[in-house]
Protein chains: 2
Amino acid sequence: MAVTIRDVAEASGVHVSTVSRAFSAPHLVNPETRTRVLAIAEDLGYRPNRAARALTTGRTHNIGLIVADIANPFFPPLIKAAQAQARLRDYHVFVADTDEDPQVEEDLIQTLTKQVDGVLLCSPRLTNRTIERLREEVPFVVVNRRAKGLPTVLMDVGRGARLAVEHLTALGHRRIALVTGPSGSWTSKEMQEAAATMSDVDVVFLGPNPPTELGGLAAATDVIASGATGVLAYNDLVAIGLIEGLAERGKNVPGDVSVIGVDDIVPGRLSRPKLTTIAMPTAAAGRIAVDLLLQSVDSAATAAATMLETALIVRESTGKAHR
Amino acid sequence: MAVTIRDVAEASGVHVSTVSRAFSAPHLVNPETRTRVLAIAEDLGYRPNRAARALTTGRTHNIGLIVADIANPFFPPLIKAAQAQARLRDYHVFVADTDEDPQVEEDLIQTLTKQVDGVLLCSPRLTNRTIERLREEVPFVVVNRRAKGLPTVLMDVGRGARLAVEHLTALGHRRIALVTGPSGSWTSKEMQEAAATMSDVDVVFLGPNPPTELGGLAAATDVIASGATGVLAYNDLVAIGLIEGLAERGKNVPGDVSVIGVDDIVPGRLSRPKLTTIAMPTAAAGRIAVDLLLQSVDSAATAAATMLETALIVRESTGKAHR
DNA sequence: ATGAAAGCGCTAACAT
DNA sequence: ATGTTAGCGCTTTCAT
């Protein structure tokens, strides 16, 4: 078995409680004793057992991070940042993938709850009602979805969409298609609302579509039929698929049609033409969400929504409108 | 506080140990009692505290998964698969990102070790010596790196490289450049060794290079200077960067030069031309690594190396050689 | 400043 | 088949 607090106590000739204090309440122990105990602990390679500690303190120093799909390029930067931030605060993170299944999501929360001090829900597929119920068991922070009464981290896609449409109109496009996402998506709704308020431009809504390349690919015919010369797609994957679909039908991007995506995922930077996109601050979202979570762990939860800025990144998939 | 085993015991009028048995040793308890206890537990919303259980059993039912960089597109499919497999076995997984820093990696292992039954090391940056030392503390399975004495999951890039070179020679290429990766990389070494044994073809080695787009971009001049018409790149990112670098210098892919990558990451499928590549079975690796780890948790570790097959995926970045 | 004792939630001998 | 007891590694009163 590994070295325990008792081993350290015996080796230093003090009681276990003194060793305990040497670590977690330094001011309560004689400085000399403390340094001696710490030295011996170091020597023996002692590391406190965090799980055992949690049993009495009620703090596991773990958090759960639940996402719909780890392999979706949108999430890894968020996971990475959340993990790094947690580590900074001396927290470990359980990462779990729900495979887009609400039932799995609920199960995961249930089994995780005893082992964590809080859970980060990223783009949850659960109903608000279920979340409402589960929050009794463990503190939540929700990312990328509006959940009233809960601390929330949102990214301002509404403003992003407006930026995108303005960019398009500035390039001379007068008819713009919004290729929407899944019907339940908060992001998609935000984009639609923002686009609907724009003047000086015709916006047609095409959707709902699956949030994937295939969704974009399939939307190409509708886009062409719509007569739009500028397109704002639900996300980068859809945009990339759309560009391919347009190419298959003889339409060049940005020559014939300009396309803008949302997210700024890696493949968008790497595909040709390089994708003009609305950058979502996923890393910042991960970092801030962790801080909010740890905050709401030891004080009352502030149920505020934090809105993060998005930015338009102009690359190669948008250009001047031609007559 | 949440509902504990004691609450269930009181509510069902039995002793806690009976409740415990109802869950973890069903055959030792009267079927009737068992169903009653289980019903009441369900009713109360009781979930055993796994951390507390671990204290006596020595099994945490957690594993650690340590990777160099979560955001590197190579890893997410592996993480996803590992996580899914772990869940299947009723295990939770801590995911940690070392940011390519060996020191962070060691720290992480140290602090994680008490909370997990084993650790999956993916493309570790630690020296073999350090790994050798740490294995005393916790069972390891190593992925994507040879570590003798430890259970290991490898992907057969050597064979992949041979397949790639054969594909190129079949297309008429007689002079092939191998754009290598970082000097310490096992994968890069394997590829070089495999390529060196090929006959009927000139292979020139260009490197070492950083394993990124930038690395590929920078390698373009050397590739052109080498006179090679076919290129095997260290990985897809390098291949994509290289294709861009070649384009900047007026060389078309696959018209003038054929390029093959390694990994089969998402951006490779999405970039233009679509990348011909050696597919690495990362999902399978994650799944198998988890099984090996859980296996070596409760029996003696089988220090064998498992070698997984790779496959050539021909897409658009390779074509006939021209004179 | 330190020791003694109780207890966190659970399992595992040992009794009965 | 079930209850009793001890104990996992640690923290936290309560004494001294």
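1. A polar contact here is a pair of N or O atoms within 3.5 Å. With that in mind, please note that this is a predicted model, and begin at the start of helix α3 of chain A, where a side-chain oxygen of A:N30 comes to within 2.8 Å of the backbone nitrogen of A:E32.

2. Now follow the helix itself. α3(A) runs over residues 31–44, 14 residues in total, and spans 20 Å between its first and last C-alpha, close to the 20 Å expected at 1.5 Å a residue. After the helix comes A:G45, which has a positive phi, near 75 degrees.

3. Which residues of α3(A) are buried? They are A:T33, A:V37, A:I40 and A:A41. Viewed down the axis of α3(A), these buried residues fall within an arc of 105 degrees, so they line one face of the helix. An α-helix has 3.6 residues a turn, so residues three or four places apart point the same way.

4. The buried residues of α3(A) pack against α1 (5–12) and α2 (16–24) of chain A. On the other side of the helix, A:P31, A:E32, A:T35, A:E42 and A:D43 are exposed.

5. Over in chain B, have a look at strand β6 (residues 175–179), which is mostly covered, with 4 of its 5 residues buried. β6(B) pairs in the parallel sense with β7(B) (residues 202–206) over 5 bridges. Between these strands the chain passes through helix α9 (residues 186–196) of chain B, and this β-α-β crossover is right-handed.

6. β6(B) also pairs in the parallel sense with β8(B) (residues 230–233), over 4 bridges. B:I176 is a handy landmark: its bridge partner in β7(B) is B:V203, and in β8(B) it stands opposite B:G230.

Note on methods. Residues numbered from 1 in each chain as written. Chains lettered and ligands numbered in written order. Predicted model: local features only at pLDDT ≥ 70, side-chain atom pairs only at ≥ 80, totals over all residues. Heavy atoms only, no water. Helix = DSSP H or I, 4+ residues; strand = E, 2+ residues; numbered from the N terminus. Expected span 1.5 Å × (residues − 1). Buried < 20%, exposed > 50% of the residue type's maximum accessible area, 1.4 Å probe, protein only. Arc of directions from axis to C-beta. Contact = heavy atoms within 4.5 Å. Polar contact = N/O pair within 3.5 Å; in protein donor to acceptor, adjacent residues only side chain to side chain. Pairing = 2+ DSSP bridges. Right-handed = clockwise from strand over helix to strand, strands pointing away.
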